[in-house]
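Reader: Hi! Could you walk me through this model?
Author: Happy to. Here it is.

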Amino acid sequence: MMCSLHQLQVLVMIISLLSSVTSRTCGNGWEHENGRCYKFVRFRTNFVGAMYFCKQLGGGLAEIDDHNEYKTVVRLAKARTFPDFYIGLTDAFSEGNWIQASSYNFQTYFIWSPGEPNNNNRNQDCVRVRSHDSKMDDISCSAHRHFVCEK
Ligand SMILES: [Ca+2]
Ligand SMILES: [Ca+2]
Ligand SMILES: [Ca+2]
């Protein structure tokens with residue numbers, strides 16, 4: 001088989017073009033927003049199960065770093081009438097100190113529902129975003145909720 005240098009160059013160009021397209025589009029079932037990929041997972045599990053599932057998909061539970069990211073995630077959730085969902089935020093290590101579940105960074109951005117976080121029954125160390133007001137609420141990590149992954 002004859003293969004000229006020019007043909008090889010074209011082939012290499014096509015391959016690199018294809019791989020850049022796939023890396024930009026996040027993959028099937030993911031939303032691409034502001035350079036991040038989000039997946040809204042439509043089954044319920046506990047916090048650890050949600051973390052594990054997101055990790056299997058090559059990401060982690062969504063970590064909301066700032067108000068812009070919050071607005072993005074809430075907009076995507078509302079667009080698909082998504083129920084309450086877990087985000088990657090926990091104070092399980094130290095009560096009242098909120099840590100991002102995958103990156104282990106201290107959380108600096110919060111938008112709590114009124115009266116939250118209340119650590120109800122001294123057993124609320126994980127965080128959901130409520131569907132009715134789109135704000136954060138600490139809940140028990142064993143509660144089963146939908147969740148959002150990020151990568
Ligand atoms: Ca994030
Ligand atoms: Ca707590
Ligand atoms: Ca609470």
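This is a predicted model: local features need pLDDT of at least 70, side-chain atom pairs count only at pLDDT 80 or more; totals for chains, interfaces and linings use all residues.

Author: Of the 25 residues in the largest nonpolar core, the ones touching the most other members are Leu-61, Ala-62, Tyr-86, Ile-87, Phe-147, Val-148 and Cys-149. Such a core is a set of buried Ala, Val, Leu, Ile, Met, Phe, Trp, Tyr and Cys residues joined through C-beta atoms within 7 Å; buried means 20 or more other C-beta atoms within 10 Å, exposed 12 or fewer, partly exposed in between, with C-beta atoms placed from the backbone.

Reader: Which elements each supply at least two residues of this core?
Author: Among them are strand 2 (36–45), helix 2 (47–56), helix 3 and strand 8 (145–150). Helices (H or I, at least four residues) and strands (E, at least two) are DSSP runs, numbered from the N terminus.

Reader: New topic: where is the cis peptide bond?
Author: It joins Glu-116 and Pro-117, with omega about 0°. Pro-117 sits in the loop between strand 5 (99–100) and strand 6.

Reader: And what is the phi of Asn-34?
Author: Asn-34 has a positive phi of about 50°, though it is not a glycine. Asn-34 is in the loop between strand 1 (31–33) and strand 2.

Reader: Is Asn-34 buried or exposed?
Author: Exposed: Asn-34 has 8 other C-beta atoms within 10 Å.

Key: Residues are numbered from 1 along each chain as its sequence is written. Chains are lettered from A and ligands numbered from 1 in the order in which they are written.
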